[in-house]
Amino acid sequence: MVADNGKKSKVAERGEEDSDHVDGELVLSIEKLQEIQDELEKVNEEASDKVLEVEQKYNEIRRPVYVKRNEIIQSIPDFWLTAFLSHPALSDLLTEEDQKIFKYLVSLDVEDCQDLKSGYSIIFNFSPNPYFEDIKLVKTYSFTEEGVTNITGTTIKWKEGMDIANGNGHEKKGNKRPFAEESFFSWFGETQQKNFSDGVTDEVAEIIKEDLWPNPLKYFNNEADEEDFDGDEDDEESEECLLQNFGLPFLGHLQDSKYFMKGSEDDEDGEQDDDDEDDDEDDS
């Protein structure tokens, strides 16, 4: 019995030594893996810096081309109004009064900060008009390293009785006041701080910067396919974003617009198909 106990003790000690050996190898492997990951992070950071340098270079090259484009656009009547109205999402942001003001829109510009990562500005240049004193309306987005976006917008100097952003300036039909609509120009007053980490974005700004601005001619010519527009991939998500940016009155205005018509038509078609199938079963 004493001998057996001695053997068991030696086996237990050997097991502990093997376990310690395995644990040591595991720790060493993890440390080596961490070193590799750190090396990859370094390479990725260098790659990001190089990509940013190239983008900054070509952003400078594109700038004079955009200037030439704007010069040509200014010779085309109602170019930006037509482009907005042909866009599957932006068209729904313009009320009838907004469209009248857009006839005075001379040029639209998107200017990135020099380092491209600090933010950008969207600039609307107007000719003198009967609506407001400003000839330039700007909305600027400044990004912080913490993921917070600081937003500033031009405080529009409306002429007397023309503040359509606050419900003035609408034409009356008889003694009835028209249905309250949210003006596109109220967007310039939406300057609350946003945090990207919370999933909150300004969809209107993103659409203008990433979709309309690169190729407005596509929308002016009405060549864009609504299926190619990212905003149509998820109607519920788009509706939620627009609600955050424009509020309930604006969404009420959208309900009958073409931006949400496609889903409704599909639902109606689906219901009609179900009714036809039920009729076929009854006949059989």
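Helices (H or I, at least four residues) and strands (E, at least two) are DSSP runs, numbered from the N terminus. Read in this way, the protein chain has a secondary structure of eight helices and five strands, and from the N terminus on its elements follow the order α-α-α-β-β-β-β-β-α-α-α-α-α. The model is a predicted one, in which local features need pLDDT of at least 70 and side-chain atom pairs count only at pLDDT 80 or more, whereas totals for chains, interfaces and linings use all residues. Residues are numbered from 1 along each chain as its sequence is written, and side-chain values use heavy atoms, with hydrogens and water left out.

A residue is called buried under 20% relative accessible area, exposed over 50%, and partly exposed in between (1.4 Å probe, protein chains only). By this rule, 31% of the 284 residues of the protein chain count as buried. Accessible areas come from the Shrake-Rupley method with a 1.4 Å probe, and for residues only the protein chains shown count as cover.

The walk can begin with helix H1, which takes in residues 2-73. Two surface patches deserve a look here; patches are made of residues with over 30% relative accessible area and no salt bridge, like charges being joined within 9 Å and nonpolar side chains (Val, Leu, Ile, Met, Phe, Trp, Tyr) within 5 Å. For charges, Lys and Arg count as positive and Asp and Glu as negative, while His and the chain ends are not counted; the place of a charge is taken as NZ of Lys, CZ of Arg, CG of Asp or CD of Glu. A negative patch is formed by Glu 31, Glu 35, Asp 38, Glu 41, Glu 45, Glu 46, Asp 49 and Glu 53, and of these residues Glu 45 lies in helix H1. Leu 33, Ile 36 and Leu 40 make a nonpolar patch of about 280 Å²; Ile 36 has its place in helix H1 and, at 44% relative accessibility, counts as partly exposed.

Salt bridges come next, each being a side-chain nitrogen of Lys or Arg within 4 Å of a carboxyl oxygen of Asp or Glu. The structure holds seven of them. In one, the side chains of Glu 55 and Arg 62 meet at 2.6 Å, N to O; Glu 55 is partly exposed with a relative accessible area of 36%, and Arg 62 is partly exposed as well, at 29%.

Helix H2 (residues 79-86) has six of its eight residues buried, so it is largely enclosed by the rest of the structure. The buried residues in H2 are Phe 79, Trp 80, Leu 81, Ala 83, Phe 84 and Ser 86. Ser 86, with a relative accessible area of 17%, also takes part in polar contacts, which are pairs of N or O atoms within 3.5 Å; within protein, one atom must be able to donate a hydrogen and the other to accept it, and residues adjacent in sequence count only if both atoms are side-chain atoms. The side chain of Ser 86 reaches the backbone oxygen of Thr 82 at 2.9 Å, and a polar atom of that side chain lies 3.1 Å from the backbone oxygen of Tyr 219.

In helix H3 (residues 96-102), Lys 100 and Glu 97 are three residues apart and so separated by about one helical turn. They form a salt bridge whose closest N and O atoms are 3.3 Å apart, although Lys 100 is partly exposed at 30% relative accessibility and Glu 97 is buried at 8%. The C-alpha atom of Glu 97 is separated by 9.9 Å from that of Met 162, 65 residues apart along the chain. Met 162 is found in the loop between strand S4 (148-153) and strand S5 (194-195), where it is partly exposed with a relative accessible area of 26%.

A further salt bridge joins Asp 112 and Lys 209, with the closest N and O atoms 3.5 Å apart. Asp 112 lies in strand S1 (residues 105-112) and Lys 209 in helix H4, so the pair ties together parts that are 97 residues apart in sequence. Asp 112 is partly exposed at 29%, whereas Lys 209 is buried at 18%. Together with Glu 210, these two residues are linked in a network of salt bridges.

Helix H4 itself (residues 203-212) is mostly covered, with eight of its ten residues buried, among them Val 204, Ile 207 and Leu 212. At the start of H4, a side-chain oxygen of Asp 202 reaches to within 3.2 Å of the backbone nitrogen of Val 204.
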